[in-house]
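Good morning, everyone, and thank you for making time for this short talk. Please have the sequence and the model open, so that you can follow along as I speak.

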Amino acid sequence: MSSLKYPAKLTAGSELFESILGFERQLLCPAVRQDAEKLGFLLHESFSEVGASGRTYDRDQVIELLSAENPTKSAGLVADPQCLQLAENLVMLRWATSGERPSQRTSLWVFEENRWQMLFHQGTLSSTELQNSSTATYALRALKSYDADAVYEAFDSNPDMSRQGDASTPATARKYVGALLADRNQCPVAITADDRLIGVVGASIDSGNKNAWVWYWMHAGYRGQSLTTRALASVVSYLFEDLGLHRLELGLRANNPASRLVAEKNGFIREGIEREKFLIDGHRIDVFNYARLLSDPTPQVQHLSWSASIQC
């Protein structure tokens with residue numbers, strides 16, 4: 001047994017410090033993150049993670065998520081690492097990353113079966129990232145296939161996103177995006193923050209009648225900033241002015257006041273109620289039906305700008 005008193009701070013440059021740091025860096029390497037076998041070697045069979053959204057993941061879920069990750073995505077660099085040995089076979093590493101989403105990270109590494117493996121990991125968005133959310137450049141563009149990672153992240157941001165469709169895993173998020181892009185009657189518009197998707201305004205177009213069914217959703221972390229309201233205003237103008245549509249329709253749950261506000265600020269008028277249409281958590285929920293005609297008054301809403309032209 002070691003006579004070392006725990007916890008013990010490991011100094012940079014020491015053999016154990018550099019070993020743990022090296023393992024952590026391997027998990028940031030795209031070649032490792034794309035290889036399920038290599039990930040399995042580094043992650044303990046009892047591994048768990050708490051993500052920045054607060055959601056927990058087990059080993060299999062993390063391997064699936066990382067294996068499906070966009071290979072060009074930067075995972076960032078290990079910055080300001082601090083190592084604390086908690087027991088002879090247990091080390092905690094704390095560090096920061098300056099990748100696409102700067103954050104503070106904590107990892108637990110355990111020595112078993114003659115090798116070190118990560119037992120637990122947690123990431124918390126840094127204050128810089130939180131500040132950036134208020135200074136980001138917001139814009140609109142067409143939905144792209146590479147947005148699947150961000151779609152999965154948005155659906156993971158709040159349980160209520162499950163009402164928007166199935167994008168609960170990286171694989172189903174790719175299917176969700178692929179289906180929208182493959183359907184010629186769909187016009188999906190991405191709401192972006194510094195060109196990364198944070199929401200979507202979509203329109204299912206009935207060209208024969210010059211109508212469209214409109215829908216929208218937003219990553220939970222970006223709600224409350226009127227971004228969906230502004231994005232819908234821009235898309236409505238596009239549908240009326242560029243596509244020559246006459247009538248736009250949408251439906252929303254009666255217990256969703258935020259969505260109702262988005263619709264009404266954009267001049268949509270409630271036309272009816274579908275009583276007790278949805279069964280949610282054992283409760284029957286009414287659905288409000290809204291519509292806006294080309295001839296209806298145009299509300300004064302600041303539009304979100306387009307970063308690129310679209311063709312639907």
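I will go through the cysteines, then some ring contacts, and then a pocket and a cavity.

Before that, a word on what we are looking at: this is a predicted model, in which local features need pLDDT of at least 70 and side-chain atom pairs count only at pLDDT 80 or more, while totals for chains, interfaces and linings use all residues. Residues are numbered from 1 along each chain as its sequence is written, and side-chain values use heavy atoms, with hydrogens and water left out.

Let me begin with the cysteines. A disulfide is a covalent bond between the sulfur atoms of two cysteines, and here it is taken to be a pair of cysteine sulfur atoms within 2.5 Å. The structure holds 1 disulfide, and it joins Cys 187 to Cys 312, with an S to S distance of 2.0 Å. Cys 187 lies in strand β9 (residues 186-193) and Cys 312 in the segment after β14, so the pair ties together parts that are 125 residues apart in sequence. When I speak of helices (H or I, at least four residues) and strands (E, at least two), I mean DSSP runs, numbered from the N terminus. The torsion about the S-S bond of Cys 187 and Cys 312 is about 65 degrees, and the disulfide is therefore right-handed.

Are these two cysteines buried or exposed? Buried means under 20% relative accessible area, exposed means over 50%, and partly exposed is in between, using a 1.4 Å probe and protein chains only. Cys 187 is buried at 0%, whereas Cys 312, at 40%, counts as partly exposed. The sulfur of Cys 29 is 20 Å from the closest cysteine sulfur, in Cys 83, which is too far for a bond.

Now to the aromatic rings. Rings of Phe, Tyr and Trp (its six-membered ring) pair if their centres lie within 6.5 Å, and planes under 30 degrees apart count as stacked, over 60 as edge-to-face and the rest as tilted. By this rule the count comes to 6 aromatic pairs. One of them is the edge-to-face pair of Phe 155 and Tyr 176, with 5.3 Å centre to centre and 65 degrees between the planes. Phe 155 lies in helix α6 (residues 148-155) and Tyr 176 in helix α7 (residues 170-182), so this pair ties together parts that are 21 residues apart in sequence. Phe 155 is buried, with a relative accessible area of 9%, and Tyr 176 is buried as well, at 14%. Ring pairs link Phe 155, Tyr 176 and Trp 217 into a cluster.

Finally, the spaces. On a 1 Å grid over the protein atoms alone, a cavity is a set of points where a 1.4 Å probe fits but cannot get out, a pocket is an open set with protein on both sides within 12 Å along at least five of seven lines, and lining residues have an atom within 4 Å of a point. Grid points are joined across faces, edges and corners, and a volume is the space filled by probe spheres set on the points.

The second largest pocket has a volume of about 890 Å³. Of the 35 residues that line this pocket, the closest to its centre are Gln 164, Tyr 216, Trp 217, Asn 256 and Ser 259. Strand β11 gives the most to this lining, with 6 residues.

The structure also holds 2 cavities of 30 Å³ or more, and the largest cavity has a volume of about 50 Å³. Among the residues lining the largest cavity are Ala 233, Arg 292 and His 303, and α8 gives the most to that lining, with 3 residues.
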